[in-house]
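Hello,

Here is the structure I promised to pass on. Please look it over first; my notes follow below.

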Amino acid sequence: ARAGSTHTATQYQREAERFVLWCALERRKALSDATAEDCRAYIDFLANIPPQWISRRRVERMAPGWAPYKGQLSLASRQLALNILGSLFAWLVQAQYLAGNPWVLVNRKLGDDELAGDAGDATSRAFTPAAWAALVAYLAGSTSPSADRLRWICVFEQAVGLRAAELLRAERRHLVEKPSGWVIWVHGKGRRNRLVPVPRVAIEATRVYFEVRGSDFDKDPGETPLLASL
């Protein structure tokens with residue numbers, strides 16, 4: 001009802017399902033009967049998930065050996081799960097399915113990861129300059145369709161900075177040349193539209209990438225994806 005994307009809906013569904021199963025199997029009660037004590041116990045459960053709750057590798061969902069978790073959760077994943085459950089229960093109260101929200105009675109803030117120490121920004125998704133230089137140098141000496149593809153991804157993403165889902169949806173028709181330069185039309189997070197400047201280096205890299213794919217950047221149909229499957 002509230003999710004702005006399929007990805008968000010999938011996250012909510014996964015965490016709700018996990019908590020429902022935990023309530024039924026560990027506490028012998030329905031989600032609607034959960035108390036503050038149950039919420040506190042679930043926080044402790046997520047910090048050290050028992051082996052029987054962790055799925056065997058390469059097991060189909062609900063097949064023998066399947067379990068709700070793939071392994072122990074990182075601090076960020078645990079915090080996300082608690083945030084989702086708090087929001088879910090608040091919505092269920094507003095929808096008059098529940099009389100109260102037990103998650104407001106417990107502390108859901110996990111704080112920082114003490115194992116991170118002073119090793120820099122543990123939450124950063126950026127490459128260090130040294131790592132980026134090593135990646136670019138490796139790709140420069142590689143000749144294969146996968147290397148051509150990754151080389152374009154690196155150049156284009158460094159210059160433009162689209163989210164992964166936005167890059168996957170990008171098509172040739174979304175790249176438009178205006179008097180001020182090239183831009184790309186993006187329908188992104190929150191279903192919002194925006195125009196993102198595309199530097200010349202990214203356009204030239206895209207032309208080369210189209211050429212090695214056997215395509216023509218200037219003549220290909222508008223629905224041609226910028227990022228092609230191998």
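The accessible surface of the protein comes to about 15000 Å², and carbon and sulfur atoms hold 53% of that surface. Areas come from the Shrake-Rupley method with a 1.4 Å probe; for residues, only the protein chains shown count as cover.

Some ground rules. This is a predicted model: local features need pLDDT of at least 70, side-chain atom pairs count only at pLDDT 80 or more, and totals for chains, interfaces and linings use all residues. Residues are numbered from 1 along each chain as its sequence is written, and side-chain values use heavy atoms, with hydrogens and water left out.

Now the fold. The protein has 7 helices and 3 strands (DSSP runs numbered from the N terminus: helices are H or I, at least four residues; strands are E, at least two). The order along the sequence is α-α-α-α-α-α-β-β-β-α. The radius of gyration is 23 Å, well over the 17 Å that the globule rule gives for 230 residues, so the protein is more spread out than a compact globule. That radius is taken over C-alpha atoms, and the rule is 2.2 Å times the number of residues to the power 0.38. The C-alpha atoms fill a box of roughly 60 × 40 × 40 Å along the principal axes.

Next, the strands. β2 (residues 181-187) pairs with β3 (residues 193-197) in the antiparallel sense, over 5 bridges. Pairing requires at least two DSSP bridges between two strands. H187 has N193 in β3 as its bridge partner. The two strands, β2 and β3, form a hairpin with 5 residues between them. In the turn, G190 has a positive phi of about 75°.

Best wishes
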